[in-house]
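Q: Hi! I have a model open and would like to talk it through with you. Could you take me around it?

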Amino acid sequence: MRRVHVIVRGMVQGVGYRYTLRMVAAEAGASGWTRNLRDGTVECEVEGTTMQVDEVLAWMAKGPPGSHVEGASVTEMDPLGTSGFEVRRDR
């Protein structure tokens with residue numbers, strides 16, 4: 001199992017990024033959460049097999065139509081064994 005913490009920069013708020021990410025993660029079989037941050041970035045954690053996490057990260061690099069991803073910082077974490085993917089309240 002693999003878990004990553006990600007901060008995505010660019011035009012990623014107000015374009016359906018988090019809700020589409022939830023669908024992409026569910027389709028990939030990954031778990032975790034996502035939320036908007038006040039500085040205009042999107043924060044998330046994604047957990048699953050290496051292949052599942054890589055699939056979600058590849059989508060996150062592009063984002064949904066209408067978004068413009070400038071970059072992302074990815075930090076490896078210890079897996080927690082979570083299930084489901086949620087959109088959390090903004091922080």
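A: Happy to. Helices (H or I, at least four residues) and strands (E, at least two) are DSSP runs here, numbered from the N terminus. Helix 1 is followed by Gly29, whose phi is positive, near 85 degrees. This is a predicted model, where local features need pLDDT of at least 70, side-chain atom pairs count only at pLDDT 80 or more, and totals for chains, interfaces and linings use all residues. Residues are numbered from 1 along each chain as its sequence is written, and side-chain values use heavy atoms, with hydrogens and water left out.

Q: Good. What is the strand order in the open sheet?

A: The order is 4-1-3-2-5, with mixed pairing among the 5 strands. Two strands count as paired if DSSP finds at least two bridges between them. Strand 4 (68-77) and strand 5 (85-87) are the edge strands, each pairing on one side only. From one strand to the next the twist averages 15 degrees; axes are lines fitted to C-alpha atoms, for helices over the stretch in contact, and angles run from 0 to 180 degrees between N-to-C directions.

Q: How many bridges join strand 1 to strand 3?

A: There are 7, and the two strands run antiparallel. In that pairing Arg2 stands opposite Gly48. Strand 1 (residues 2-11) also pairs with strand 4 in the antiparallel sense, over 9 bridges, and there Ile7 faces Ser73.

Q: And strand 2 with strand 3, how many bridges?

A: Those two are antiparallel as well, joined by 6 bridges, with Ser31 opposite Glu47. Their hairpin has 5 residues between the strands, and Gly40 takes a positive phi near 95 degrees in it.

Q: Is strand 3 enclosed or open?

A: Largely enclosed by the rest of the structure, because 7 of its 7 residues are buried. Buried means under 20% relative accessible area, exposed over 50%, and partly exposed in between (1.4 Å probe, protein chains only). Val42, Cys44, Val46 and Gly48 point one way, Glu43, Glu45 and Glu47 the other, and all are buried.

Q: Now the helices. Which strands does helix 1 lie across?

A: Helix 1 (residues 17-28) lies across strands 1, 2, 3, 4 and 5, at about 175 degrees to strand 5. Helix 2 (residues 50-62) packs on the sheet too, touching strand 1, strand 3 and strand 4, and its direction makes about 5 degrees with that of strand 1. Contact here means heavy atoms within 4.5 Å.

Q: Which residues of helix 1 are buried?

A: Tyr17, Arg18, Leu21, Val24, Ala25 and Ala28.
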